[in-house]
Amino acid sequence: MNVLPDRLPWFVAGPVLGMLVVGLFLVANQPLGASGAYVHTMKAARGDTDRVIWRVWYFAGIFAGGLLATVLGSGFALKTGYQALTVVWSTPVVAVVVFVGAVVMGYGARLAGGCTSGHGICGTAQRSPASWAVTATFMATAIVVTALLHTLTGGRL
Amino acid sequence: MNRNLNVFGGLFGASFGFVLAAARLHEYDTIHRMLRLQEFDVFLLMGSAIATSLPILWMLERRSIQTQFGGRLVLSRSKPQRHHLIGGAMFGAGWAVAGTCPAPALAMLASGASLALVAIVGLFAGLHLRDRHATRATIGDGEHRELVSAPSSSSR
């Protein structure tokens with residue numbers, strides 16, 4: 001519908017996100033972390049007794065919010081995504097690459113106890129030394145691996 | 001109470017997903033340009049989110065205010081351990097390759113990008129695999145936590 005700007009600038013999105021972090025602490029005394037939403041959605045699917053149901057709602061909410069922003073922005077359209085990667089590899093290869101990357105990412109998030117939102121924003125905002133260490137580690141690793149990808153693909157990525 | 005917390009969970013999730021998608025964090029190109037150090041918007045976004053929430057949380061913690069469903073506000077401050085660094089390094093490597101992370105992957109799928117489903121299934125597989133390997137729960141200050149203070153009402 002193009003009601004939204006092409007891209008919400010960081011100086012609006014960042015502080016809004018910060019207030020959402022504060023808001024969830026005020027409501028539930030919990031971090032606004034996304035890997036926790038995956039963990040409890042998975043626990044609910046596995047039938048674990050220690051699952052936290054509101055985290056499943058939170059998981060579904062992230063999808064719904066993304067959908068709303070898409071509809072109000074450039075509009076919903078089915079596509080494969082990862083266009084930059086499909087230029088380098090065929091779509092099945094891209095699917096394998098993305099899958100392997102995501103498995104490693106999921107394993108690491110569970111091992112570290114959080115992800116970009118959980119440690120990177122909520123943990124750092126709690127002044128947690130562990131979160132600052134995790135955030136510095138994943139930022140540095142991601143920048144190095146991205147540079148490697150760039151080199152290995154002959155500058156195509 | 002439970003139902004109210006579920007509604008809040010859905011609303012906070014929706015607001016979060018909305019902001020991520022509106023700021024285009026759910027697109028591979030945005031994350032890739034950030035990690036190639038070609039564009040600093042995402043770093044600034046994260047930095048300004050921290051700069052907004054850190055002082056407010058600090059102040060609220062000092063006043064030891066009551067949260068609505070979770071008892072007295074308690075912030076987690078764990079010491080870094082080996083698993084944080086190994087997990088962080090694995091997460092960073094996977095993030096660089098997949099070009100998305102847990103929340104933006106959901107928003108990416110919502111934008112119609114079908115390959116995001118592969119990323120989401122992969123994330124679940126990785127989390128599940130770690131649960132199978134784990135002999136004890138690891139401490140992280142970013143994930144859902146068992147409440148430290150006595151909750152005034154049900155936290156579930």
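## Basis of the description

Two residues are taken to be in contact if their C-beta atoms, placed from the backbone, lie within 7 Å. This is a predicted model, in which local features need pLDDT of at least 70 and side-chain atom pairs count only at pLDDT 80 or more, while totals for chains, interfaces and linings use all residues. Residues are numbered from 1 along each chain as its sequence is written, and chains are lettered from A, with ligands numbered from 1, in the order in which they are written.

## The two chains

Chain A has seven helices and zero strands, where helices (H or I, at least four residues) and strands (E, at least two) are DSSP runs numbered from the N terminus. Along the sequence, its elements therefore read α-α-α-α-α-α-α under that DSSP definition. The C-alpha trace of chain A spans about 45 × 40 × 35 Å along its principal axes, and 58% of its 157 residues are buried, a residue being buried if 20 or more other C-beta atoms lie within 10 Å of its own, exposed if 12 or fewer, and partly exposed in between, with C-beta atoms placed from the backbone.

Chain B has six helices and zero strands, which follow one another from the N terminus as α-α-α-α-α-α. Its C-alpha atoms fill a box of roughly 45 × 40 × 30 Å, taken along the principal axes, and 53% of the 156 residues of chain B count as buried. Among contacts with a separation of 6 or more, residues 24 or more positions apart account for 59% in chain B and for 45% in chain A.

## The nonpolar core

A nonpolar core is a set of buried Ala, Val, Leu, Ile, Met, Phe, Trp, Tyr and Cys residues joined through C-beta atoms within 7 Å. The largest such core has 101 residues, and those with the most contacts inside it are V21(A), I62(A), V98(A) and A119(B). Helix α5 of chain A (residues 91-112) gives the most to this core, with 13 residues.

When neighbours within four places in sequence are left aside, V21(A) is in contact with L32(A), I121(A), C122(A) and A125(A), and also with A49(B) and S53(B) of the other chain.

## The interface

Between the chains, 104 residues of chain B are in contact with 110 residues of chain A.

Helix α1(B) packs with α3(A) at an angle of about 35°, their axes 6 Å apart; axes are lines fitted to C-alpha atoms, for helices over the stretch in contact, and angles run from 0 to 180 degrees between N-to-C directions. The contact of α3(A) with α1(B) has 20 nonpolar, ten polar and one charged residues.

## Helix α5 of chain B

Helix α5(B) is mostly covered, as nine of its nine residues are buried, including P102(B), L106(B), M108(B) and A110(B). What covers these buried residues includes α2 (34-46), α3 (53-72) and α5 of chain A together with α1 and α6 of chain B. After α5(B) comes G112(B), whose phi is positive, near 105°.

Technical notes. Nonpolar A, V, L, I, M, F, W, Y, C, P; charged D, E, K, R; others polar.
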